[in-house]
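Student: Please pick one part of this model and look at it closely. Then go on from there to the rest.

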Amino acid sequence: MMQVVKQPIQRSKLRVFLGKTMYTYQRYWEWYKNRSQYTTTKSSSALTYTITTHQTPLYRKLKDVDMELQHNKVKNLSIAIPCLNGLVLSPGDTMSYWRHIGKTTKVKGYVDGMILHYGKYKTGTGGGLCQLSNLIYWLTLHTPLTVVERHRHSYDVFPDASRTQPFGSGATCAYNYIDLQIKNNTAQTYRLQLDITDSHLVGQWQCNQPSLYSYEVYEKDHKITMEPWGGYVRHNQIYRKVYTVQGDCIDDEFVTENHAMMMYEPMLQHAEEVT
């Protein structure tokens, strides 16, 4: 049965502030309580086998968005990437996106970038880092690593054109309670490699053993519905097929489902791209 998405509730600034404060300190407590589970190991040495690699363009022209925010995003990515590059996940280890990056402040050099907020965009210090969490999540779906926490985008803000990945295959982030956490439940060791070029954000998961499987991530049941309150909502489900090295499909796994309120007309013909 298709999930009915309720009309968004406008919260007061005080309610939003108190809620964010509560969730932020809950996350601090979780990090402290489970600190032994989170990896602190980093290595500058690549592991022998590249399990998966992917890249996404740094600059995209977005409707009504100043390109300066794209350049600022690249500055923010350049600061955040060293916090995660070379991160090692030994068997049983967990990585927390925000635990390694920390709070994005001007003191650290972060500048104003684009932040999606309740279906609109605004500027905020450290904006644009969702491109990094999106990349890491997409990479992880092509490995045996386990995503233990991921948050979907609640709003579909920009129309997409020439999309190469399924809708809803990213992971939104907001310090520190909207996190991306990945656990290594395998017997192998993995290492995250991240790079930024003049034009692309590049990432890969490496391993000390060759991969026994490959993965194909795809969507099912993509639909757009008009809700009783008058808005449009976009739905789909993400699955992945698991193949052996011989090319035999041995599994077809449900990954997640997405329900996002559309902030544009669904039949819009001349679409702009968004990361």
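Tutor: Two strands pair if DSSP finds at least two bridges between them. Strands here are DSSP runs of E with at least two residues, helices are runs of H or I with at least four, and both are numbered from the N terminus. The model is predicted, so local features need pLDDT of at least 70, side-chain atom pairs count only at pLDDT 80 or more, and totals for chains, interfaces and linings use all residues. Residues are numbered from 1 along each chain, and side-chain values use heavy atoms, without hydrogens or water.

Start with the hairpin. Strands β11 (residues 213–226) and β12 (residues 232–244) pair in the antiparallel sense over 12 bridges. Y215 stands opposite V242 in β12. Between the strands lie 5 residues, and G230 of this hairpin takes a positive phi near 105 degrees.

Now helix α1. T24, R27 and W31 are buried there (under 20% relative accessible area; exposed is over 50%, partly exposed in between, with a 1.4 Å probe and protein chains only). They sit on the same side of α1 because they cover an arc of only 60 degrees around the axis, taken from the directions from the axis to the C-beta atoms. On the other side, L14, Y25, W29 and K33 are exposed. The buried residues of α1 pack against β3 (94–96), α3 (97–101), β6 (146–149) and β8 (181–183).

Y97 is worth a stop. Its contacts (heavy atoms within 4.5 Å) include L84, L132 and I136, not counting residues up to four places away in sequence.
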